[in-house]
Amino acid sequence: MNKTWNNKAWFMVLPVLLIVAMNAVVPLMTVVNYSVQDTFGNNVFFFEGARWFREVLESERFHNALFRQFSYTFIILAIEIPLGVGIALAMPRSGVWASVCLVLMALPLLIPWNVVGAMWNIFALPDIGLLGYTINAMGIDYNFTSQPISAWITMVLMDVWHWTSLVVLLAYAGLRSIDDAYYQAARIDAASRWSVFRYIQLPKLKHVLTIAFLLRFMDSFMIYTEPFVLTGGGPGNSTTLLSIDLVKAGLGEFNLGIAASMSIIYFLMTLLVCWLFYTLTMQGEKE
Amino acid sequence: MARIDLSNLAHSYLPNPKSDNDYALTRMNHTWDDGGAYALLGPSGCGKTTLLNIISGLLRPSEGQVLFDGKDMTDLQPQDRNIAQVFQFPVIYDTMTVYDNLAFPLRNRHVPEAEVDARVREIASHLDLNDALMTRARGLTADAKQTISLGRGLVRNDVNAILFDEPLTVIDPHMKWHLRSKLKLLHRQFEHTMVYVTHDQTEALTFADKVVVMYDGQIVQLGTPEELFIKPSHTFVGYFIGSPGMNVMPIELDGASAKLGGQTVSLPGAAKVKAGDKVELGVRPEFIRLDAKGMPVTVNKVEDVGRQKIVRAQLEGRNIAIVIGEDESVPTDAKIAFDPKGINVYANDWRVELGA
């Protein structure tokens, strides 16, 4: 074959390359820059090596924020994934009600993060909020502004309310794509409802659930706006998640080196977990 | 193992059917014998699968009843009817091994594990799945998956009937023949009532004792392959079965003879038809002889298909096909004669019995 080699086509990629460089690579590099240097103003920098990284990794504060972050992500995944699949299974397969359910489910997803935070903040206030007032009226002492447990429950409830729909929609789409013949065969084979779920629906949902898990993991691991608007990280530091701590360090205390190295550690952790999860699921696929 | 009765059965997918056109299946009464092998044959969209799903219980007929051995099954769910069904495309449980797939219908019915094992191994050996029993079903080829589906259909030996919905569509041609003869063998061994849906006449004729030809939502003929060939009861059967299909020509009846354009054909007997009916003569290509005397035809083309030749000719301005032996030659001024054995008369597409 006689092909004409013409590498000019590479120029076509140039605009994209420039855009990505300007809005992703360059900002990221400034973070890398800050993470290994120190400054006392006047744009004078001193190279500090791995000092900030060591300090971050050894600090109690970082450990606590990290622990809270993992707890939060674990709790909301453990609730949202099973709940989402359960709701998707209970939704009608077709007809008017299927559309009604889908629209209802999609609604929370359309609300901006800070609005969700503000909504729940007011909703859960013990003196004027519907939820907070009702709970207290039932005789339970509940005040998310002063009790860490209450704050956590409210924060988790808010995330479940906001994001379970995403899992529902993904799982519902996955369920719809299962051919009717599978259900028919299962009826002929006298499979129980549980067997249908275990041997037909769950295996077919594997891919969408992988996506749902990844999306919810990343979103919740990096979540900032909603808990910040709701509790501002308090009471005390009890709801200070990694991202809130990062903003405190960077913008509140102006510890640029600490904040930058935290950002990189944060970024690498997200990347690592996603990569691990993806590789493990896809490996199971190849067997 | 059961006799299947379809009593006044009709089905429409519409909630309030009015005319015949609204019905996917028009009213029918049929009895299928216990232990018979039936093939449901017809073009796509004629209602074969609808009828099959009604028998298995996946679909509830809008009118009439389904009876197994005289017992009304109409309102029972598939799992309570004790039937097996194999679908057009492979349905397997991916996460299970081949063994567990085959054992699934038995285990769901709480069959003792020793018996499950014996049944699974027997069916696996019939279908050459023995070596693959412990592998996961997911990675297998479409052929193998469909073989597993077949196996799941055959694994229970007490079923009332086994229903096949074009089960060999995804199978390679050389495997098709092999699996079909396996099914035939298993049928003889266990004497299940088997119903086999297909649009492939070769498949129907080789598999079944009785072929049920469906057309436009109704059963137009139920008979042995021979009956379908010699006495097609509907012009559609004549056209659908046989290659090439039956020659159907409009005629005018005159007692025991028929006028076909300018020619006169003598019939084996007189036919009674109502005035205004569309009357046609049906003769299969195999029952037309090239002869020294008879009706003159214009030969257009001779196709040599191996063991025989198909002559495409024109008789009184209509295209007809004639099958002749491999060694016969075709004279330029060919004349033809109809074998009286193969002459059928149709009024409004339905066969009319010829009187003496």
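**Entry 1: helix α8 of chain A.** I count as helices the DSSP runs of H or I with at least four residues, numbered from the N terminus. I note at the outset that this is a predicted model. With that definition I looked up α8(A) and what comes after it; the helix is followed by A:Ala190, whose phi is positive, near 60 degrees. At the start of the helix, I found a side-chain oxygen of A:Asp179 within 2.9 Å of the backbone nitrogen of A:Ala181. I then asked which residues of α8 (residues 180–188) are buried. They are A:Ala181, A:Tyr182, A:Tyr183, A:Ala185, A:Ala186 and A:Ile188. I traced their packing partners into both chains: in chain A they pack against α7 (148–176) and α9, and in chain B against α1 (48–56), α2 (78–81), β6 (83–86) and α5.

**Entry 2: A:Ser220.** I next examined A:Ser220, which belongs to helix α9 of chain A. Is this residue buried or exposed? Its relative accessible area is 0%, under the 20% cut-off, so A:Ser220 is buried. I looked for polar partners of its side chain and found a polar contact of 3.3 Å with the side chain of A:Thr73. A polar atom of the A:Ser220 side chain also lies 3.2 Å from the backbone oxygen of A:Phe217. Beyond four places in sequence, I recorded contacts of A:Ser220 with A:Gln69, A:Tyr72, A:Thr73 and A:Ile76.

**Entry 3: the nonpolar cores.** I recall that in soluble globular proteins nonpolar side chains tend to be buried together. The largest nonpolar core in this model has 75 residues. I asked which of its members touch the most other members. These are A:Leu242, B:Leu6, B:Trp32, B:Leu40 and B:Leu51. Helix α9 (residues 193–221) of chain A gives the most to this core, contributing 10 residues.

**Entry 4: a helix pair in chain B.** I turned to helix α5 (residues 142–154) and helix α6 (residues 173–190) of chain B. How are the two oriented to each other? Their packing angle is about 10 degrees, and their axes are 12 Å apart. Angles under 35 degrees count as roughly parallel, and α5(B) and α6(B) are therefore roughly parallel to each other. From α5(B), I listed B:Asp143, B:Thr147, B:Leu150 and B:Leu154 in the contact, and from α6(B), B:Met175, B:Leu179, B:Leu183 and B:Leu186. Sorted by class, this contact has 6 nonpolar, 1 polar and 1 charged residues.

**Entry 5: chain B as a whole.** I counted the secondary structure of chain B as 9 helices and 23 strands. Its C-alpha atoms fill a box of roughly 75 × 50 × 30 Å along the principal axes. Of the 356 residues in the chain, 52% are buried. I also checked the sequence range of the contacts in chain B: among those between residues at least 6 apart, 66% join residues at least 24 apart.

**Entry 6: B:Lys71.** Lastly, I located B:Lys71 in strand β5 (residues 71–72) of chain B. Its relative accessibility is 56%, over the 50% cut-off, so B:Lys71 counts as exposed. B:Lys71 and B:Ile4 are 67 residues apart in sequence, and I recorded a C-alpha to C-alpha separation of 9.4 Å.

Note on methods:
Residues are numbered from 1 along each chain as its sequence is written. Chains are lettered from A and ligands numbered from 1 in the order in which they are written. This is a predicted model: local features need pLDDT of at least 70, side-chain atom pairs count only at pLDDT 80 or more; totals for chains, interfaces and linings use all residues. Side-chain values use heavy atoms; hydrogens and water are left out. A nonpolar core is a set of buried Ala, Val, Leu, Ile, Met, Phe, Trp, Tyr and Cys residues joined through side-chain atoms within 4.5 Å. Buried means under 20% relative accessible area, exposed over 50%, partly exposed in between (1.4 Å probe, protein chains only). Axes are lines fitted to C-alpha atoms, for helices over the stretch in contact, and angles run from 0 to 180 degrees between N-to-C directions. Angles under 35 degrees count as roughly parallel, over 145 as roughly antiparallel, 65 to 115 as roughly perpendicular and the rest as oblique. Contact means heavy atoms within 4.5 Å. Ala, Val, Leu, Ile, Met, Phe, Trp, Tyr, Cys and Pro count as nonpolar, Asp, Glu, Lys and Arg as charged, and the others, Gly among them, as polar. A polar contact is a pair of N or O atoms within 3.5 Å; within protein, one must be able to donate a hydrogen and the other to accept it, and residues adjacent in sequence count only if both atoms are side-chain atoms.
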